[in-house]
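These are my notebook entries on one structure. I record what I looked up, in the order in which I looked.

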Amino acid sequence: MTHPHGGHGASDHKSHHRAHDGVRDGVHDGAHDGAHDGAHDGAHGDAHDGLADLLDLDAEVLAEQLHAVRADIGSLADSPVRSILDLGAGTGTGTFGLLRHFAGAHALAVDSSEEMLERLRRRADDLGLQDRVSTLRADLDDAVPEVAPVDLAWASASLHHLADPDRTLAELVAAIRPGGLLAVVELAGFPRFVPDATPGGAAEARAHALLAADRAMDMPAMGSDWGVRLTAAGLVVERDRPIVVDLAPPSAPLVGDYAAASLMRIHGAVADRLETRDREALDALLDGGTSDVRRRSDLHVTTERRLWIARRPAASTPSRG
């Protein structure tokens, strides 16, 4: 999922994008970001391709955890899920996972990036799901699109990018039918891959420390207690649990590709601010040599996200303001 709006509302737009343009957090499903803000120069298309590949890899590597999230949603649904609104759909990994889980459902995938939506439509064609998916380009910082109320709204690693998430959540309630659900997956940081005591591990750790400092300034909503925000919007939180990812070695080759895609984007965000030895160590994780993450057998994927599932009360009559 890419973040579902073109603007960020941050006071220093360039600072925000330096840190996060290339580093989509993602359930990364979901994750990470803005390689889709059309204000970027000639690298815009390449950034899009790299982000899209990263989102797809994230969904493959974390397939077990995401399946459990969909099972949680199914256990709380008060009737068969027939209509889904995916906010910040990105390449559609969340959309297609939900459609596979909820047979017969139709999804509306919303994103601010036409390039991402085009990739999503091509993937729907490949999967034979084109009749079950519609797309809509929209900027949630402008307004939540007015749609027929759905059984399930889904927002994975997208809400923390919003300029005013509380306003957006209040508007979103009207897009969910009474008794319907909103499922939110958010994260506290980016995945780690290289153990600290191994070549490149300390450099990766320091790169993450720089990103954490950037996030604190540019995306203050990241790491929020979204349960409190959902309650304030008029929803009733019925599930709140961590999604713990701890994939110890040995790992499948796919994990090396996932690590490389993630670290390439992190490298682009922080390499110019690392000390020389750390920059060189980070380079070595991606240069095809013996320390390259695509050639290593000791990768250990760790990250933590959190799932909230909230219900619109049957008697609620939200205003769109």
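**Entry 1: the largest pocket**

I began with the lining of the largest pocket and found that helix 2 (44-61), helix 3, helix 4 (93-101) and helix 5 each supply at least two of its residues. Helices here (H or I, at least four residues) and strands (E, at least two) are DSSP runs, numbered from the N terminus. I note that the model is predicted: local features need pLDDT of at least 70 and side-chain atom pairs count only at pLDDT 80 or more, while totals for chains, interfaces and linings use all residues. Residues are numbered from 1 along each chain as its sequence is written, and side-chain values use heavy atoms, with hydrogens and water left out.

The largest pocket holds about 400 Å³ of space. I counted 18 lining residues, of which Ala59, Glu60, Thr93, Arg100 and Arg123 lie nearest the centre of the pocket. By class, six are nonpolar, four polar and eight charged. For these classes, Ala, Val, Leu, Ile, Met, Phe, Trp, Tyr, Cys and Pro count as nonpolar, Asp, Glu, Lys and Arg as charged, and the others, Gly among them, as polar.

I also noted the terms: on a 1 Å grid over the protein atoms alone, a cavity is a set of points where a 1.4 Å probe fits but cannot get out, and a pocket is an open set with protein on both sides within 12 Å along at least five of seven lines; lining residues have an atom within 4 Å of a point. Grid points are joined across faces, edges and corners, and a volume is the space filled by probe spheres set on the points.

**Entry 2: the largest cavity**

I found a volume of about 40 Å³ for the largest cavity. Its lining includes Asp78, Asp151, Arg177 and Arg311. Strand 5 (residues 176-187) gives the most to this lining, with four residues.

I traced seven strands in an open sheet of mixed pairing, in the order 3-2-1-4-5-7-6; two strands pair if DSSP finds at least two bridges between them. Strand 3 (133-137) and strand 6 (236-247) are the edge strands, each pairing on one side only.

I then followed strand 2 (residues 106-111), which pairs with strand 3 in the parallel sense over five bridges. Ala107 has Val133 in strand 3 as its bridge partner, and Asp111 stands opposite Arg137 in strand 3.

**Entry 3: two loops**

Where does Pro250 lie? I found Pro250 in the loop between strand 6 and helix 9 (253-270). The peptide bond from Pro249 to Pro250 is cis, with omega near 0°.

Ala157 lies in the loop between strand 4 and helix 6 (165-172). I recorded a positive phi of about 55° for Ala157, although this residue is not a glycine.
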